[in-house]
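Biologist: I would like to learn how to read a model like this one. Please take me through it feature by feature.

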Amino acid sequence: MRAATRRLTQLYDDAMAPTGLRITQFHVLSELNRRSADPPTVGELAEILIMERSALGQTLRPLERDGFIDLGQDARDGRRRPITLTKKGKDKVASGRRYWAVAHEKFGHFFGDSQLALLRETLRGIAESPQLPDAFRQASTASRRKS
């Protein structure tokens with residue numbers, strides 16, 4: 001699984017190179033674009049993307065530095081700092097979509113439509129399963145008892 005993830009990340013990074021973004025950065029910007037009506041905080045975005053908060057922070061720093069995002073202040077709750085896309089960030093998402101779409105189309109042609117649909121369903125099940133973390137915890141507890 002790790003080798004497949006690294007391979008796909010490398011291929012998509014290569015496809016996204018003309019935009020100056022890595023696929024992880026494009027994914028973050030796309031998610032922020034999708035949630036522009038109710039911008040998430042760093043913690044909320046980390047949960048949405050299933051990322052460690054510290055790893056997300058490392059991804060956000062260059063995006064903020066380059067003017068694609070803004071870490072704001074919520075007018076109703078001063079402790080809440082929503083992440084919003086700037087105009088430059090929205091433009092970057094729009095220009096990056098075609099590179100992502102080409103990469104995704106190439107992957108689909110290589111892998112096949114029915115296989116891609118099955119893979120997508122399987123991966124979504126892994127990513128979104130609320131029972132999976134419990135299964136891992138239970139397996140860890142059982143193996144410790146045997147030791």
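Biologist: Where is the place of I50 in the chain?

Modeller: I50 sits in the loop between α3 and α4. Helices (H or I, at least four residues) and strands (E, at least two) are DSSP runs, numbered from the N terminus. Before going on, note that this is a predicted model, in which local features need pLDDT of at least 70 and side-chain atom pairs count only at pLDDT 80 or more, while totals for chains, interfaces and linings use all residues. Residues are numbered from 1 along each chain as its sequence is written, and side-chain values use heavy atoms, with hydrogens and water left out.

Biologist: What is the phi of I50?

Modeller: Most residues other than glycine have a negative phi. I50 has a phi near 55°, a positive value in a residue other than glycine.

Biologist: Is I50 buried or exposed?

Modeller: Buried means under 20% relative accessible area, exposed over 50%, and partly exposed in between (1.4 Å probe, protein chains only). I50 has 57% relative accessibility, so it counts as exposed.

Biologist: How many helices and strands are in the chain?

Modeller: The chain has seven helices and two strands. Read from the N terminus, the order is α-α-α-α-β-β-α-α-α. The C-alpha trace spans about 55 × 45 × 25 Å along its principal axes.

Biologist: What share of the residues in the chain is buried?

Modeller: Of the 147 residues in the chain, 29% are buried. The chain exposes about 10500 Å², and carbon and sulfur atoms supply 54% of that area. Accessible areas come from the Shrake-Rupley method with a 1.4 Å probe; for residues, only the protein chains shown count as cover.

Biologist: Which residues is T59 in contact with?

Modeller: Contact means heavy atoms within 4.5 Å. Leaving aside neighbours within four places in sequence, T59 contacts T24, Q25, V28 and M51. T59 belongs to helix α4 (residues 53-65). With a relative accessible area of 13%, T59 is therefore buried.

Biologist: For contacts in the chain between residues at least 6 apart in sequence, what share joins residues at least 24 apart?

Modeller: That share is 48%.

Biologist: Which residues does V93 touch?

Modeller: Not counting residues up to four places away in sequence, V93 touches F26, L29, S30, N33 and L85. V93 lies in helix α5, and its relative accessible area is 0%, so V93 is buried.

Biologist: In which helix is F107 found, and is F107 buried or exposed?

Modeller: F107 is in helix α5. F107 is buried, with a relative accessible area of 17%. Neighbours within four places in sequence aside, its contacts are L8, Y12, G112, L116 and L119.

Biologist: Is H109 buried or exposed?

Modeller: H109 also lies in helix α5, but at 61% relative accessibility H109 counts as exposed. H109 and L71 are 38 residues apart along the chain, and their C-alpha atoms are separated by 39 Å.

Biologist: How far apart in space are G20 and G96?

Modeller: Their C-alpha atoms are 9.2 Å apart, although G20 and G96 are 76 residues apart in sequence. G20 is placed in the loop between α1 and α2, and counts as exposed at 62% relative accessibility.

Biologist: How much space lies in the largest pocket, and which residues lie nearest its centre?

Modeller: Rolling a probe the size of a water molecule over the atoms shows where empty space is left. On a 1 Å grid over the protein atoms alone, a pocket is an open set of points where a 1.4 Å probe fits, with protein on both sides within 12 Å along at least five of seven lines; lining residues have an atom within 4 Å of a point. Grid points are joined across faces, edges and corners, and a volume is the space filled by probe spheres set on the points. Here the largest pocket holds about 2300 Å³. Its lining has 38 residues, of which T5, H27, L49, L123 and A127 lie nearest the centre. Elements giving two or more residues to this lining are α1 (2-16), α2 (23-34), α3 (42-49), α5 (87-111), α6 (113-128) and α7 (132-146).
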